[in-house]
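I opened the model to look up surface patches, ring pairs and charged contacts. My notes follow in the order I took them.

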Amino acid sequence: NDVPLFVVSDGLDLYINPILARNGLSHLKVMSNTGRFNSRGLEIEFPWSNRTCTRCGCCKGERMEDFRQKHNGPVRLAFVGDGFSDICAVAQADLLLAKKDLARYCTERGIPYTPFTDFTQVAQILVDHGYLTR
């Protein structure tokens with residue numbers, strides 16, 4: 001569908017990239033923190049600078065804002081998340097799909113979202129909202 005798809009995570013590329021590769025998705029762009037083992041153990045780096053966020057190493061909301069600014073026009077962004085590290089993305093999402101902790105957070109604050117259980121359902125929701133075609 002020529003729709004840009006990114007993995008934005010506050011986790012580590014150390015495990016994200018192997019999971020994507022195992023599922024045939026190593027072509028996806030990943031924005032995350034980096035982890036490397038060295039003689040002292042695990043070394044973590046935070047390559048994404050956050051302008052205002054002090055909560056995240058790689059702020060998903062700021063990455064979405066960067067994407068929107070880069071494309072300098074009307075861009076509709078869908079966000080799919082399930083945890084507390086997704087909270088910053090809520091304000092940037094035109095379509096918010098949430099489950100688990102993120103759904104609970106949104107429910108407690110009256111933030112509208114579309115619930116989902118798996119990525120097959122996510123794909124159908126994106127079709128239903130005009131982000132993808134079948």
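I44 lies in strand β3. Strands here are DSSP runs of E with at least two residues, helices are runs of H or I with at least four, and both are numbered from the N terminus.

I noted the provenance: this is a predicted model, where local features need pLDDT of at least 70, side-chain atom pairs count only at pLDDT 80 or more, and totals for chains, interfaces and linings use all residues. Residues are numbered from 1 along each chain as its sequence is written, and side-chain values use heavy atoms, with hydrogens and water left out.

**Nonpolar patch**

Next I looked up the patch that I44 belongs to. L14, Y15, I19, F37, L42, I44 and F46 make a nonpolar surface patch of about 690 Å². Patch members have over 30% relative accessible area and no salt bridge; nonpolar side chains (Val, Leu, Ile, Met, Phe, Trp, Tyr) are joined within 5 Å, like charges within 9 Å. The areas come from the Shrake-Rupley method with a 1.4 Å probe, and for residues only the protein chains shown count as cover. Which elements supply at least two residues each? I found α1 (13-22) and β3 (41-45). The largest share, three residues, comes from α1.

**Aromatic pairs**

How many aromatic pairs does the structure hold? I found two. The criterion for Phe, Tyr and Trp (its six-membered ring) is centres within 6.5 Å; planes under 30 degrees apart are stacked, over 60 edge-to-face, the rest tilted.

F6 and F67 pair edge-to-face, at 5.4 Å centre to centre and 65° between the planes. F6 lies in strand β1 (residues 6-12) and F67 in helix α2 (residues 60-70), so this pair ties together parts 61 residues apart in sequence. F6 is partly exposed at 32%, whereas F67 is buried at 17%.

F116 and F119 form a tilted pair: 6.4 Å centre to centre, 35° between the planes. F116 is buried at 7%. F119 is exposed, with a relative accessible area of 64%.

**Charge over a ring**

I also checked Y131. R76 lies over its face, 4.0 Å from the ring centre. The test asks for NZ of Lys or CZ of Arg within 6 Å of the ring centre and within 35 degrees of the ring normal.

**Salt bridges**

I listed 11 salt bridges, each a side-chain nitrogen of Lys or Arg within 4 Å of a carboxyl oxygen of Asp or Glu. I followed the ones around R51. E62 and R51 meet at 4.0 Å, N to O. This pair links distant parts of the chain, with E62 in helix α2 and R51 in the loop between β3 and α2, 11 residues apart. E62 is buried at 4%, while R51 is partly exposed at 48%.

R51 also bridges to E65, at 3.4 Å, N to O. E65 lies in helix α2 and R51 in the loop between β3 and α2, so the pair ties together parts 14 residues apart in sequence. E65 is partly exposed at 28%.

E62 forms a salt bridge with R63 too, the closest N and O atoms being 3.9 Å apart. R63 is buried at 5%. Which residues end up in one network? Salt bridges with shared partners join R51, E62, R63, E65 and D66.

How values were computed:
Buried means under 20% relative accessible area, exposed over 50%, partly exposed in between (1.4 Å probe, protein chains only).
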